[in-house]
Amino acid sequence: MTNSLAAAMLTRPEISNNVVNLFESQFSAFSSFLARKGLTKKGAYPDMASPDFRVIGNRKFMWAVKGYPFRKGKILANDGQDGANGSVITLTLNTNYFSPYDNLELGDRRTILQVMDEYPTENATIAGGWDYKVKVANNDGAAVLASLIAVGAEVGFSHTAFPELSETGYEKNTFPEWHTNYMTIQRMQYSISGSAQNTVLWVEHNGQKLWFRVQEMEMMRRWAYARENQLIFGKATIDANENTYIRDMKGREIVQGDGLLAQGDASLKVQYNRLTIKVLENLMANMQLLSNGDGVTELFLMGGQALIWDFQRLMRDTFKYNPEPLFVSGADKGSGVKVNFNSYEMGGVKIITAWNKGFDAAWRPSEKDLYGTNKESYRGIFVSLGNTIAGDPNVELVTLGNGGSKRSFIKKTIDGMASPAKGGKEFASTSMDGYQVQILSETGICMKNPFGVAEIYKP
């Protein structure tokens, strides 16, 4: 048992974070990357509290986000007035962030509206709407363009203007904003007969050899695939007020947390017809603008085979005028061309690419394009890896552990007539000619910056 990988994980549970690396070349590119970079939340335990991270009970976790210093609002309704000659306009916005005597800039960033000396009031008919009384800030009585205050238009804070002998200023703190997510429990099992338990595989890493049973390896492959999907595509079944929307037939709550894409901002989901340098650089520039960290913005791009091949083709075309690095030769191998790009850097933004084979898996439901290629194969997900303003990593895998049992990976054996223990055991839990292994994991993921993930896909 000394060389058993399963036994090693019991004595050194941190190994379990890296077990997914065994399947990195198949469909755990993202979780393997997190494990290799050490992007796991350290020291989280039930009911912990710190200035920037909280655990509520043993499923819910919250983190403080230091985002942008100001907020903007969207117009939900207006009273039809144009503000000519200093007349009052009533605008309904989707936020109560703005205060009396604020000056709001409109979409053209040239027109200014002065908020009157009244707090916004909650709209009686529009849910989440707040009514503001404003006037156009000018000295010629000109009206505001109707398109600038139409439903859906945006407004933002510009500056303030107060009368003499004004009574007070107004507070506008935006830090911290607390984001909420939940952990998801996943389980797998395998059963093995007494005669089959001797079929093993050997795993070697850094010169150390450990053995693994074939059936256990297959179970771990299923678990790695399922956890990867949950971390990327999972959608919450519970809201911030702890209302659970899915229960089983016995009435028990089934709690799932949001994955990477559900935590990201919807504005960074982009359709494309053909991958070009312009498509990549537009997205790189947007993520750089929205980054809340310093230095080089490092992006991890995972995608399907078609996307990765398109990326390689782009790099070849981009650097075809300097082909010297592409040629390789060997004394006995002749000459050839090696074109294998996995990164691209431009304007302080670096992309690192990885093929996630799960996007191309034949067992997953798919839609085909006109050429018979799976549309998911063209899908790409960009994740910003840099630190936030507060210095924390932008992406972290979250699981609970209090120095004893850790919920990132729990493995238990139910003995029958066979047992994995050397020499077997005198007592058994079942009379089955074999034994059963159960695993359970409870993990979640947090994105410190909702603008730190983007997606491109075929329409």
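These questions and answers go through parts of a predicted model.

Me: Which residue of strand 2 is the bridge partner of Ile56?
Reply: Strand 1 pairs with strand 2 (residues 60–65) in the antiparallel sense, over four bridges. The partner of Ile56 in strand 2 is Lys60.

Me: Why is strand 4 (residues 89–93) described as largely enclosed by the rest of the structure?
Reply: A residue counts as buried when its relative accessible area is under 20%. Strand 4 is largely enclosed because, of its five residues, the number buried is four.

Me: How many bridges join strand 3 (residues 72–78) to strand 4?
Reply: Strand 3 and strand 4 run antiparallel. Across this pairing, Asn78 stands opposite Leu91 in strand 4. The number of bridges joining the two strands is three.

Me: In strand 8, which residue is the bridge partner of Leu93?
Reply: Strand 4 also pairs with strand 8 (residues 130–136), in the antiparallel sense and over five bridges. In strand 8, Leu93 has as its bridge partner Trp130.

Me: Is Leu397 buried or exposed?
Reply: Leu397 lies in strand 21 (residues 395–398). Its relative accessible area is 7%, and the cut-off for a buried residue is under 20%. Leu397 is therefore buried.

Me: What is the C-alpha to C-alpha distance between Leu397 and Ile445?
Reply: Leaving aside neighbours within four places in sequence, Leu397 is in contact with residues including Leu34, Arg227, Thr443 and Gly444. In sequence, Leu397 and Ile445 are 48 residues apart. In space, their C-alpha atoms are apart by 4.6 Å.

Me: Is Tyr245 buried or exposed?
Reply: Tyr245 is found in the loop between helix 4 (214–233) and helix 5 (260–263). Its relative accessibility is 60%, and a residue over 50% counts as exposed. Tyr245 is therefore exposed.

Me: Which residues make the nonpolar surface patch of about 300 Å²?
Reply: One of them is Tyr245, from the loop between helix 4 and helix 5.

How values were computed: Residues numbered from 1 in each chain as written. Predicted model: local features only at pLDDT ≥ 70, side-chain atom pairs only at ≥ 80, totals over all residues. Heavy atoms only, no water. Patch = residues over 30% accessible without salt bridge, like charges linked within 9 Å, V, L, I, M, F, W, Y side chains within 5 Å. Areas by Shrake-Rupley, 256 points an atom, 1.4 Å probe, with all protein chains shown as cover. Salt bridge = Lys/Arg side-chain N within 4 Å of Asp/Glu carboxyl O. Buried < 20%, exposed > 50% of the residue type's maximum accessible area, 1.4 Å probe, protein only. Pairing = 2+ DSSP bridges. Contact = heavy atoms within 4.5 Å.
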